[in-house]
Amino acid sequence: MDDKHLDSLLPPLRLNRRGFITAAAASGFCAAAGPVMAQTAIKTDAKGLTAGWVEVPAAGGNMRAYRAQPQKETRLPTVLVVPEIFGLHEYIQDVCRRLAHRGYLAIAPDLFARQGDPTKYTEIAKLQADIISKMPDAQVIGDLDATAKWAAGNNGDAGKLGIIGFCWGGRFVWLYSAHDPKLKAGAAFYGPLRGKRDETLRPKFPVDIAGDMHAPVRGAYGAEDTGITQDDVAAMREALSKGSAAAKASVIDVYPGAGHAFHADYRPSYRKAQAEQAWERMLEWFSQHNLASSPQG
């Protein structure tokens, strides 16, 4: 992640204190993400769900993951949930519960575990330096494989696998589509599309893998995002148009009036109308690509 994109993650310097939760970590959110907007942060209950922490066997030992699914249901369509750099804090857990209420087994693995716990950090730059910059793509992809395998053996349907990711996690939606031939569909919320390559850590970006994609991805990007520009979006669209059949079937939606992290309802960047439209489009996308689910209330 380059400095330009890192800057786009930082909270604004001047904020109206009214309505903000200042003790972010105490409220279940990562403090490094900045002040939490109490008036817009969505809280989804677990009524009718089995929700909580599970242990996923992965390379080197067990990896914790947050899982939510309808109670007593089996052979559920599964969605891997890949977080922002802020880890498995309340926002990501809530996303899992939202998906579970729509009939999915949603599971967010702790992909950061080997390097540290992002939720404990108070400074985004230090979090980036200590954890994110040291995570190889191959490690993340391997842990996503392990999570998909666990889900298939614990009430998930291996033939109905999807993935959703936000910001840092959005990039891995694209990459995972080029990795797993069993994947049915993906939804990438403002995941970086281009960047500085590193042969050891980040050998490829989404613009490089369009020819290898196995599953179509629907991207959701903000027109006013200063970290992921419209030039980046244009380059990705061009790559998709020349890629595999799944790449050609992919779609990138750009939302006017929205910047980076416009779906993050706990942050000042949240844009309600655009976030709700992108969410509904994601649900329709999954349904169109053999990931149909039944609402649980």
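These are my notebook entries on what I looked up in this predicted model.

**Ground rules**

I number residues from 1 along each chain as its sequence is written, and my side-chain values use heavy atoms, with hydrogens and water left out. Because the model is predicted, local features need pLDDT of at least 70 and side-chain atom pairs count only at pLDDT 80 or more, while totals for chains, interfaces and linings use all residues.

**Overview**

I started with the secondary structure. The protein chain comes to eight helices and 10 strands. These are DSSP runs, numbered from the N terminus: helices are H or I with at least four residues, strands are E with at least two. Next I looked up burial. Buried residues make up 56% of the 297 residues in the protein chain. Buried means under 20% relative accessible area, exposed means over 50%, and partly exposed lies in between (1.4 Å probe, protein chains only). Then I checked contacts, meaning heavy atoms within 4.5 Å. Of the contacts with a separation of 6 or more in the protein chain, 72% come from residues 24 or more positions apart.

I traced an open sheet of eight strands in the order 3-4-6-5-7-8-9-10, with mixed pairing. Two strands pair if DSSP finds at least two bridges between them. Strand 3 (49-58) and strand 10 (251-255) stand at the edges with a single partner strand each, so one side of each has no neighbour in the sheet. Neighbouring strands are turned by 20° against each other on average, direction ignored. For angles, axes are lines fitted to C-alpha atoms, for helices over the stretch in contact, and values run from 0 to 180 degrees between N-to-C directions.

I then went to strand 5. Seven of its seven residues are buried, so strand 5 is largely enclosed by the rest of the structure. Strand 5 runs parallel to strand 7, joined by six bridges. Strand 5 also pairs with strand 6 in the parallel sense, over three bridges. In strand 6 the partner is Leu105.

Further along, strand 8 (residues 183-189) and strand 9 (residues 217-222) run parallel and are joined by four bridges. Ala187 stands opposite Arg218 in strand 9.

**Helices on the sheet**

Helix 8 (residues 272-288) packs on the sheet and touches strand 5, strand 7, strand 8, strand 9 and strand 10. The direction of helix 8 makes about 170° with that of strand 8. Helix 4 (residues 137-152) lies across strand 3, strand 4 (61-70), strand 5 (76-82), strand 6 (105-109) and strand 7 (156-166). Helix 4 runs at about 125° to strand 3.

Which residues of the largest nonpolar core touch the most other members? I found Val81, Leu99, Ile164, Trp168, Trp174 and Tyr190, out of 98 residues. Such a core is a set of buried Ala, Val, Leu, Ile, Met, Phe, Trp, Tyr and Cys residues joined through side-chain atoms within 4.5 Å. I followed Leu99 beyond its neighbours within four places in sequence. Its contacts there are Val79, Val81, Tyr104, Ala106, Ile164, Trp279, Met282 and Leu283.

Helix 5 (residues 168-177) is mostly covered, with 10 of its 10 residues buried. Trp168, Arg171 and Trp174 are among them. The charged end of Arg171 sits over the ring of Phe172, 5.3 Å from its centre. That charged end also sits over the ring of Phe205, 4.4 Å from its centre. The rule requires NZ of Lys or CZ of Arg within 6 Å of the ring centre and within 35 degrees of the ring normal.

**Aromatic pairs**

Rings of Phe, Tyr and Trp (its six-membered ring) pair if their centres lie within 6.5 Å; planes under 30 degrees apart are stacked, over 60 edge-to-face, and the rest tilted. I counted 11 aromatic pairs by this rule. Phe166 and Phe189 form a tilted pair, 5.0 Å centre to centre with 40° between the planes. Phe166 lies in strand 7 and Phe189 in strand 8, so this pair ties together parts 23 residues apart in sequence. Both are buried. Tyr255 and Phe262 also form a tilted pair, at 5.3 Å and 45°. Tyr255 is buried at 2% relative accessible area, and Phe262 is buried at 0%.

**Gly211**

Is Gly211 buried or exposed? Gly211 is exposed, with a relative accessible area of 53%. Gly211 lies in the loop between strand 8 and strand 9. Leaving aside neighbours within four places in sequence, Gly211 is in contact with Gly243 and Ser244.
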